[in-house]
Amino acid sequence: MKTLGLIQNLFTNIELVDKNDAIAEISAMRNSQPPKRPSFIVNQEDAKKHIVTEMANCAQNNMFSYIVLSGDVGDGKTLFLNWIYRYFSEHKEFHMIKFRVEESSTVKYSFIKMLVAEVFKRYNNTFNEALKNAFKIIDDNLPEDEYIGKIIEEYHVSNELARTVYEFHRNGKATMPAFRVLGACYGKTELAKLKINNLKDTDYHKVFEWFQEYRITKGLIIILLDEFEHTYLSLTPAMRKSFMLSYKNFIDRTAADASRKTVLIAASTEQYQGQLEKGVSDIDRALWSRLNGHIVYLAQFRPADDKNVSQLFDELRKRYEKAYDINLPDVNPSTIRKHLHFKLGGDTTLECSYRIAVSSLLVILEELRSAPSSTLDSQDDKHMKEENHEHYKIIQQQYQKLIEETIKDWDDTHYNNRPGKIKSILELLFNEHKYTVKPVPGLNKQRVDALFVEPKVNGKPNKFIFIAIATTAKSLTSKLIRCNNIRDELVKAVPEIDFQTYFIYQANLANKGFKLELNKNTHIFPIEFESEFYDLLALNTVKDENVKQILLSNLKDTLAKLDISI
Amino acid sequence: MKIYSLYEFSSTIEQLEALLKAVDMQQKMDYDEALDLVRRIFGKRPSRTKILLKSFIKLGLLQGKSQVILSWESQLYVDLGKDLTELLLFLTYKTSHLFSICKDICEIDPDLVLKNPELLEKLYMKGYAREKLATGREKIYAIKRLISCCRIKREKNPFKKYEEYINFLTILESQYLLMTQGIFGKPVVICDLMGRMKESGIERAVFDHNIFRLHYDPIIASSTSFSSVIKDFANAGYYKINQSSYYYLKLSESLAIKRR
């Protein structure tokens with residue numbers, strides 16, 4: 001069976017892409033848009049299988065099939081719809097109806113009216129013929145009232161619709177207005193000419209059924225409905241209700257009839273999923289349960305998966321080379337993956353949307369194209385420079401991450417334990433730089449916020465260091481006074497030991513009062529830390545030697561004041 | 001149960017990092033080149049170098065026979081510049097025998113101060129099969145080195161902590177599947193999931209800690225995604241990780257680690 005064969009091959013990628021098509025496709029993707037005529041879809045095997053099975057069922061058994069594609073922004077919902085549209089549009093026996101849920105004055109937010117309007121616009125002739133076929137059984141020569149009565153009796157439709165059909169059939173002045181009313185593309189003028197009120201949703205359900213039943217070609221009718229979530233985003237509650245009820249009625253009526261040969265594929269962004277469920281459930285719980293059972297969740301892109309990366313990269317690359325008439329050098333898949341991770345932020349392997357993966361891989365292709373003499377894999381100077389540059393960026397990221405973790409850790413550290421942290425780092429630093437850490441002489445009880453160091457080489461003074469951790473400017477000033485008092489105690493207790501006093505503090509708390517106090521005590525050397533305070537703290541946990549070098553270079557000037565030369 | 005047969009290991013995580021970075025730059029390497037690299041970094045005599053390289057391959061840090069490359073897991077850690085202790089914990093967990101002895105040793109000797117024969121005796125008492133003293137000592141020496149490399153931020157028993165993390169993931173996955181009616185790939189609201197986890201006895205602090213760990217876990221995060229919604233639709237509230245606000249969590253497959 002030809003139709004079945006076509007459906008089975010639905011997701012075969014196009015190998016020989018025309019240059020213009022390749023340019024259009026690459027250009028759309030570069031602008032983060034789904035291509036209108038896509039030539040490839042990679043991965044998403046579950047969704048592909050599901051769609052093919054549903055369509056094949058529909059074609060074999062004439063039954064109604066219904067699928068809701070759900071995914072995050074950029075996961076490829078529209079790409080799927082565009083793909084299906086492009087594929088079946090090339091075969092005349094299929095009737096393709098593709099539209100978005102959006103505001104439109106003519107159709108008044110009714111799903112069925114939108115559907116009929118699309119059929120009217122896209123398949124005007126077929127629609128016309130189908131309607132003519134539908135009323136062949138009724139004798140044209142009947143008087144107006146009898147004709148209308150016969151239609152009502154035969155099709156159980158409203159008086160308005162029957163009158164419209166009569167006018168359409170009569171080949172008079174009102175034929176075209178009647179045709180437009182039947183096609184849901186009309187205004188007040190048409191209604192005035194026909195002397196009728198607005199047709200109801202149930203009338204359009206009937207019109208669509210006439211189209212389904214009486215069209216000449218009997219291929220599948222494929223309805224592609226994009227941005228389903230707009231029902232909740234842009235429609236008012238009343239419009240929403242109207243849309244959902246007509247949607248539900250359409251599904252109920254089409255599913256109930258075993259000869260409709262219709263597939264409905266809706267795409268809904270999952271960021272409104274909760275709203276969709278709530279909105280639909282509020283109107284009709286049965287509809288939600290039906291909808292829920294037909295949702296196919298699109299897979300996301302896995303940047304950590306070599307197969308995912310290389311399949312997408314290879315397809316993009318083929319089209320890129322075609323579009324620009326170039327041959328790019330071969331690149332190791334793991335190198336591509338490495339670069340992709342880097343482009344995606346470089347600190348997690350979380351799944352991402354296809355749109356983000358595609359645009360990142362296109363950037364990598366751009367880079368390959370702009371450096372055609374070398375490859376991302378080669379060992380020449382350019383590559384080494386690039387590697388160094390990449391390496392530098394990675395180190396910078398590691399550094400940023402370390403500082404973030406350090407700030408968090410510092411915030412989580414109890415106030416009382418904070419001076420101890422600084423003290424242990426300073427002890428380590430002094431030990432590494434030719435000092436011996438000793439207990440503070442002359443103190444009965446050692447303090448967690450003070451340390452004493454003695455140089456291993458002559459010429460440098462002993463140091464008494466007071467670590468002031470404060471949360472307010474006032475407490476910082478009182479700590480300075482405390483430091484001075486301790487110093488005086490030490491001078492009295494151990495007059496034989498000479499030392500210099502250092503006061504370590506964070507710059508952000510230093511107000512005028514504090515500076516005044518500092519000026520009074522010129523024998524105290526202030527060591528002020530600004531942002532490098534966290535570099536100092538990070539020394540405690542840093543593992544990477546390169547990151548450690550960044551920390552030390554940031555601390556260089558401040559530590560020099562403590563006679564520690566890095 | 002016999003003590004797991006690991007006969008050599010890196011004494012520091014820095015040496016291991018140097019090796020993986022060097023292999024990354026030069027892969028694919030001939031086996032002999034890899035041996036030479038291991039010798040240069042670890043300074044072992046030829047017979048030990050061979051055993052060391054084999055141990056790295058056995059554990060899953062490297063792979064290959066005639067040519068050596070980084071394993072998928074190592075490659076991810078190197079690419080992202082992540083802490084290798086986490087990688088070692090993951091690979092050790094995959095080898096359940098090795099994982100359990102590491103955990104036992106940390107319990108018996110939390111400060112790693114016991115001499116190897118003493119530690120062996122205690123392990124035998126715990127039920128491990130007695131074997132030749134020289135063999136036992138050799139294994140213990142290597143396993144203790146692995147343990148040292150796995151100790152993150154002075155954690156005494158990182159293996160026990162890792163097991164807690166894995167248990168958390170198991171509960172997370174079962175709650176997730178309950179919410180999605182058994183379907184992977186369907187988004188669930190993180191704050192709702194957190195509520196359900198609380199009902200299963202997982203406190204907020206434990207949830208936060210482990211979700212953060214999962215988010216940055218190069219291996220396990222690769223089959224998860226965190227996504228957001230616009231403010232109007234975030235009825236259940238956002239969940240923050242670092243600077244990012246998330247709303248949904250999605251697992252595309254089971255998070256269970258296949259163990260050997």
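Q: How do α5(A) and α13(A) sit relative to each other, roughly parallel or roughly perpendicular?
A: In this predicted model, α5(A) and α13(A) are roughly perpendicular to each other. Helix α5 (residues 111-122) and helix α13 (residues 237-256), both of chain A, pack at an angle of about 70°, and an angle from 65 to 115 degrees counts as roughly perpendicular.

Q: How far apart are the axes of those two helices?
A: The axes of α5 and α13 of chain A are 7 Å apart.

Q: Which residues make the contact?
A: From α5(A), A:Phe111, A:Ile112, A:Met114 and A:Leu115 take part. On the side of α13(A) they meet A:Phe243, A:Ser246, A:Tyr247 and A:Phe250.

Q: And how do those divide into nonpolar, polar and charged?
A: Seven residues of the contact between α5(A) and α13(A) are nonpolar, one is polar and none is charged.

Q: Zooming out, how many helices and strands are in chain A?
A: Chain A has 24 helices and 10 strands. Its radius of gyration is 38 Å, well over the 24 Å that the globule rule gives for 566 residues, so chain A is more spread out than a compact globule.

Q: What does the C-alpha trace of chain A span?
A: Along its principal axes, the trace spans about 130 × 55 × 35 Å.

Q: How much of chain A counts as buried?
A: Of its 566 residues, 53% count as buried. Chain A exposes about 26200 Å², with carbon and sulfur atoms supplying 49% of that area.

Q: Where are they placed?
A: A:Ser32 is in the loop between α2 (19-30) and α3 (45-61) of chain A. A:Ala184 is in the loop between α9 (175-182) and α10 (188-194) of chain A.

Q: Is A:Ala184 buried or exposed?
A: A:Ala184 is buried, at a relative accessible area of 1%, whereas A:Ser32 is partly exposed at 34%.

Q: Switching to chain B: what is the peptide bond from B:Gln27 to B:Lys28, cis or trans?
A: That bond is cis, with omega near 0°. B:Lys28 lies in the loop between α1 (13-26) and β1 (29-30) of chain B.

Q: What about B:Lys103, buried or exposed?
A: B:Lys103 has 18% relative accessibility and therefore counts as buried, the cut-off being under 20%. The residue is in helix α6 (residues 96-108) of chain B.

Q: What does B:Lys103 touch?
A: Not counting residues up to four places away in sequence, B:Lys103 touches B:Asn157, B:Phe159, B:Lys160 and B:Glu163.

Notes: Residues numbered from 1 in each chain as written. Chains lettered and ligands numbered in written order. Predicted model: local features only at pLDDT ≥ 70, side-chain atom pairs only at ≥ 80, totals over all residues. Heavy atoms only, no water. Axes fitted to C-alpha atoms, helices over the stretch in contact; angles between N-to-C directions. Helix = DSSP H or I, 4+ residues; strand = E, 2+ residues; numbered from the N terminus. Parallel < 35°, antiparallel > 145°, perpendicular 65-115°, else oblique. Contact = heavy atoms within 4.5 Å. Nonpolar A, V, L, I, M, F, W, Y, C, P; charged D, E, K, R; others polar. Rg over C-alpha atoms; globule rule 2.2 N^0.38 Å. Buried < 20%, exposed > 50% of the residue type's maximum accessible area, 1.4 Å probe, protein only. Areas by Shrake-Rupley, 256 points an atom, 1.4 Å probe, with all protein chains shown as cover.
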